[in-house]
Amino acid sequence: MTKRSSITTFLWQGEIPIEVHRKAIKHSYLRIKAQPARVVCSLPRAVSDMDLHVFLQKHSDWIQARWQAMQQNKPVEVTYQQGERIFLWGKPFFLEVQIVDGVKKPSCFTRVDHLVLQSGVDLSTVQREALVYEFFKQEFKKELSAVLAQEALRMGVSVQQWGVKRMKTRWGSCNPKAKRVWLNLELVKREQYLLRYVVIHELAHLWVPNHGPKFYQVMDQYCPPWKALRKQLRF
Ligand SMILES: [Zn+2]
């Protein structure tokens, strides 16, 4: 057996499938994976089945909560702790907090399925959140400017000004007179097609300012599945 090889077995915790990897590592850890949905548990080779059972019991609340959140496709409340799951474009990432000696300017980036926060000193929850959202905003603006350009062209409208902010009760807003749209930065956590749906909705207001029947005719034309998409975005 080579050093890198691992032994994989399966077990169930209630109805939750758990994939167990035993390999040459020092610490046990848990992850939730999508497609197919499963919990992945990585263990050092020497951990017995009994110890594995104890480990899973100890973390059963964590497993249950995150499993349910994934099933409902909803982001869980984030407190920016190591290993926490954070969504970017509908895909879960695991927060990896790194303290690297000599790093002056903290940074945030993705690496495979990890969202890495790198800094020279430990950051507070508020600082971590600010760093994550700074990164999210860049990602969001890149995607949004492309989607806005595509949809405005397709729908034959022009936007004078657009912006991004975190909002609590709405996904977007539009001022038809000023031809200005705002999009909710929280959309960065959801699948890209939901951002596109919200963009089409806001641009449709450039044709019809209110939510009357004419507005929904425009939606039928440019975004036929709008009813199903709207359901996915209920606050
Ligand atoms: Zn509207």
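Reply: A crossing of two helices is called right-handed if the near helix is turned clockwise from the far one by less than a right angle, and left-handed if it is turned anticlockwise. Please note that this is a predicted model.

Me: In which hand does H3 pass H4?

Reply: The two helices concerned are H3, residues 125-155, and H4, residues 192-204. The crossing of H3 with H4 is right-handed.

Me: Are H3 and H4 roughly parallel or oblique to each other?

Reply: Their axes lie 10 Å apart and the helices pack at an angle of about 45°. Angles under 35 degrees count as roughly parallel, and 65 to 115 as roughly perpendicular. H3 and H4 are therefore oblique.

Me: Which class of residue has nine members in the contact of H3 with H4?

Reply: From H3, residues including Leu144, Val147 and Leu148 take part, and they meet residues of H4, among them Leu195, Val199 and Ile200. The contact also has one polar and three charged residues. The class with nine members is nonpolar.

Me: What is the radius of gyration of the protein chain, and why is the chain described as more spread out than a compact globule?

Reply: The protein chain has six helices and 11 strands. For its 235 residues the globule rule gives 18 Å, and the chain's value is well over this, so the chain is more spread out than a compact globule. Its C-alpha trace spans about 65 × 45 × 30 Å along the principal axes. The radius of gyration is 22 Å.

Methods: Residues are numbered from 1 along each chain as its sequence is written. This is a predicted model: local features need pLDDT of at least 70, side-chain atom pairs count only at pLDDT 80 or more; totals for chains, interfaces and linings use all residues. Axes are lines fitted to C-alpha atoms, for helices over the stretch in contact, and angles run from 0 to 180 degrees between N-to-C directions. Helices (H or I, at least four residues) and strands (E, at least two) are DSSP runs, numbered from the N terminus. Angles under 35 degrees count as roughly parallel, over 145 as roughly antiparallel, 65 to 115 as roughly perpendicular and the rest as oblique. Two residues are in contact if their C-beta atoms, placed from the backbone, lie within 7 Å. Ala, Val, Leu, Ile, Met, Phe, Trp, Tyr, Cys and Pro count as nonpolar, Asp, Glu, Lys and Arg as charged, and the others, Gly among them, as polar. The radius of gyration is taken over C-alpha atoms; the globule rule is 2.2 Å times the number of residues to the power 0.38.
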